[in-house]
Each structure stands twice: as structure tokens, then as C-alpha cells.
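Subject: Structure handover

Hi,

Here is the structure for your files. My notes follow below it.

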Amino acid sequence: MTIVELAKRCGESIATVQHIIVNVGEKIDSEFDPLSIDIAELVAMEIGVNVCRLHSDDGAHVLGRSPVVTVMGHVDHGKTSLLDALRQTSLAAKEAGGITQHLGAFVVGMQSGASITFLDTPGHAAFSAMRARGAAVTDIVVLVVAADDGVMPQTLEAMSHAKAGNVPIVVAINKCDKPDANPERVKVQLAAEGLLLEEMGGDVQVVEVSAINEVGLDKLEDALLLQAELMDLKARVDGPAQAYVVEARLDKGRGPLATAIVKAGTLVCGQHVVVGAEWGRIRSIRDMARKVIAEARPAMPIEIEGLKGLPMAGDDIVVVESEERARMLSEGRKKKFEKDRLTKLEEERPKASEEEEEEDETKPERVEVPLIVKADVQGTVQAVTDAVKNLNSSQVFLKVIHAGVGPVSQSDIDMAQACGACIVGFNVRDPPSSIALAATQAKVKIKLHRVIYHLLEDIGNFIVEKAPGTLETQVAGEAQVLNIFELKGRSKSKGDDVKIAGCRVIDGRVTKSSTLRLLRSGEVVFEGSCASLKREKQDVEAVGKGNDCGLVIKDCFDFQVGDVIQCLVQVNRKPKFVSSESGAVRIEC
């Protein structure tokens, strides 16, 4: 792209673009000079324009590649067990609570000699962003549905992710060996949700399998290879690599590690790369068997080492010529990322009108609860942060002040103490005794969990505890007026005439300290405080059901036989934590 063309696309003058290019440190001879893709992106970011890199395959060496298959479906429908059966390992048993909470990638060699790259996604409701990332990088989605359970919320969500990414689906009906399995019912449910199955004249293949008994796996492999053949998958092998970060984590000895899948080109050890807003020089590339390799080709899942910071899951990996160029691009992206973040915060801040402000005065105050989130990998940090934000209610606002990868550290304790935050750790190791002691002394709560269900339940109960609740008026008791007694002609020292209602308590309890409401034919006649409550000439504080009493309501002289007197009390109603069978959680106020 030339300077003139870039200026036109960005809506800026040529002089402004040239000035930015000079500041970046590039020489300009003419405004018709072609710019490299990195400089064009830097200039566009400086102006404030979003940039998307597209690579052309013209003149490149293009070869066929193995398909990238993402396994999706509802929680506990047997996705990981199916993959374990395909690659003869046992990963499901190692996951906390027996449910997948990470995004895993590996290559499975088929009996035919072909290989397929598999991505395993979590099925729990909290990991929606991880499933979206899985769909973004994939060629084929295997939708796993349990034959005994049928179509569930995350099954539908997986279908919508696949449709949004325009990715073909192959349905695997699992657990067909169970006595209550009903594959035909599942097929009808899927057809009702708009999935055109082959048996019904559509193009979506359906395979009945059993992961535990390893039945139907060969049919599933054939279906996947047939779908891949129809798609005629090819990628350029030469030139700079394009790759996509699936997951990122911090390793104690090796620093930031990014799990990625190469989309095109060849990624070579020693190259300078920019990953999102981070940069680095690739120190080593390992395959999923943790073996060091010199280069990575398309559709290979790899782990790269040598980045300066931890990238976000979902970032693109871009290969650049030099360290200087990598550093410049990284700084430019960081600046733009921060600018976008502040703009978003400004937009999210609600601007209340005068009427709303008046209404808000009557509403209970919203309590802000600061949280610090720590998890084992970048993807789970995002999943936990999103899940926590979904628990916000009209009474409690959860504010994540810091989210990071790695175990709970002393700096987290200091930050939590400074702003009164609670630390939430997911899948991280227990802090050493010195940090646990520091947290106890600083009165900082640390909540550590390995299963997402337990984490959300714990945070939900914590919110309920912190919520101020809403004050509600409830009827604590009812009394019926059976007779009326009047005290007339009392001396000035004893006060004015008094009307006493002789009542029988027909429900609950009537207490002297409560407000009393006088009802006649179901309509409110008077409401006021209790001036006197007696039972058998004795002053009492409360009268229970079935007992007779005499009571005086302050400034009320209009009693009639048959009236009902209600005893009203103020009750503080706390919100409730609700979790559905699908794993979705919410706070009900």
C-alpha cells in the first residue's frame, strides 16, 4: 500500500501520514512509496483506525493440510472421553470434578495414515468465550450429544458458534451403549433446532458412538476425513506464518507460554513475533507431546516460548523482520488497547437522568465488592472474570480490580488489603504458609477452587452475604375486634378519652412495638403505632394466636365490631443464589 492510498483509507491528509511515518523512524522519498504491512498498521493505529491483516496466497507454495476439528457439546456429554478413546489416553480422569475446564489441542494419527488436529472445549456455561475461540480457528465442529440426555443449552450454543463461524458440523451421538439411550429422539431434537441431518435430506453427518466401549469410532474418523475431503483444505507452506493463540499460561521456569495453531506459512524457531500487544523472539517450539521441534507447519498445535509478556487467548501471531519492528508494533498496540479500554469504560458508565436519580434515592444502595481473580491459564482467567460479572445484581456490583495468571502472591495480598478485596483463585496451587499468614493478618479472604461449579456457588453465597437486602413490610399477625370499651371523663392528668379494642388474635402474633393497620371490609381505615397492649389487666409486649387482648391504637377512635387489626413488621429480604441444571447461575433479588 502506498502513502497516498493509506491516507485515503484512513481519512487523513498525506502530510499527517508522512509526519507519523517520520516519527516512527522510516525514510520517505515520495508519497507513492510502498509501505510495509507493519508500518501501515502502526500509522493506522496512531490515527485510530482498526487494522485487520489479510495474507494473499498468490504465487505461494500451497499444499493440502490436515483438518482442525473442535469437539463441542454440553457439559458431561462425553467430549473428552471420546477424544481419549480416539487417542487411547485418559485425560478426563485428571480434570478436577471430571469436567473439562481448559482448551486442549492435540494431533491424532488415524489408522488410514491421515492425521487430524483436535481441539477439546469445556462444556460448562461459564466457558462460552473459550468455545467461541475454538469455533474461530476450526474447520469442522464435532457436536457431541449424549443419547440419554438429548439436546441441552450448551449444545444449542455450540451450534450457534459453528453457524456464526460458518463451520460444517458432524454430529456424534455418544453414550449409545446406555440402557436408556435414545438416538432417534436426539436426531428429532436436532432437526427441530434447524440442523439438516443426512437421513432427513440434509448434509450433516450423524454417527452413533460409545466412547467407553470404543464403538463407532472408525465411522466417526471416516465421517471427519470425508468432510475434510469435500472442503479440499489447503494452506501456503512458505512465507511468514500466521498463527492463532488458543491458550496462554505462565510457567515457573520457562516464563510466558502460548499454545497456538498455525493457520498458514511456517513458524521457525528464532523468529521475532508480535502476539496481540506482546512481542518476543521464539526461543523454542514444542509440539503437544512436549518435544522440541525446529519449525511448525499449518494445522499443527504448538507451544511457543520466548514472549516478553502473557498474550490474550484469541490473539493472532504475526512474524516481523526485526526486534525493533516487533517492539514498535507491540508498543503501538498497547497504546491503542489502553485507549480503547478507557473509551469502553467511559461508554459503560451510565448517565442517569434527573427522574432516574430521584427514583434511585428510594432504591437500596448498591454495594461494590472488589475481587482479584487468579487462574492457571489466560483462558480460564477470562472465563472466571466473565462468569463473575454475570453474577452482578441490582444490590451488589462485583468489580474485578485485577485478573492474572499464576498463584496468589504477596503483591495480590497487598492490593487486596489496600482496596478491601477478596481473592478468588481457580486451579492455582495453594499459597505457601508465609502468604497464607500474611492474608490472615491483613484480613484478606482467599477462595481457592478447582471446579467451576464450586467456585460460582461460593462467590454466589459471598454476594448474598454482602448484599444489603430490601426492606419489606410483612403481616406478622391478625386480630379481630370482638368488643369496644370506652374510658370517658378521665382527669387532665390521665389524658383524653380512650377507645379500647377488645380483640382475639386469629393468626400469628401481635406485638406492641409494631405498626398496626385497621381494616374494614378489606379496606385500610387507619394505620398507626400501638399505644397500649394488655392481656388480663397486665401490660404485655406480645400476644399469641388464640388469645384475647385489649389494645389501643394511637389517635384512632373509629373501631367497629368485626374490624381486623393487622400487625406489620419490617423484614430485610436478602437476594437468592440460583443455579440451573445447565450450569448457568444468577442472583435473584
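Some terms before the sheet: two strands pair if DSSP finds at least two bridges between them. Strands are DSSP runs of E with at least two residues, helices are runs of H or I with at least four, and both are numbered from the N terminus. This is a predicted model: local features need pLDDT of at least 70, side-chain atom pairs count only at pLDDT 80 or more, and totals for chains, interfaces and linings use all residues. Residues are numbered from 1 along each chain as its sequence is written, and side-chain values use heavy atoms, with hydrogens and water left out.

Four strands form an open sheet in the order 19-18-20-21, with parallel pairing. Strand 19 and strand 21 are at the edges with a single partner strand each, so one side of each has no neighbour in the sheet. The twist averages 25° from one strand to the next (axes are lines fitted to C-alpha atoms, for helices over the stretch in contact; angles run from 0 to 180 degrees between N-to-C directions).

Now the pairs. Strand 18 (residues 367–375) joins strand 20 over 5 bridges. There, Ala-375 stands opposite Phe-426 of strand 20. Strand 18 also pairs with strand 19, over 9 bridges, and Val-367 faces Val-396 of strand 19. Strand 20 meets strand 21 (residues 446–449) over 4 bridges, where Phe-426 lies opposite His-449.

Strand 20

Is strand 20 buried or exposed? Of its 5 residues (422–426), 5 are buried (under 20% relative accessible area; exposed is over 50%, partly exposed in between; 1.4 Å probe, protein chains only). Cys-422, Val-424 and Phe-426 point one way, Ile-423 and Gly-425 the other. In a regular strand the side chains alternate between the two faces of the sheet.

One contact

The charged end of Lys-308 sits over the ring of Trp-279, 5.3 Å from its centre (the test: NZ of Lys or CZ of Arg within 6 Å of the ring centre and within 35 degrees of the ring normal).

Regards
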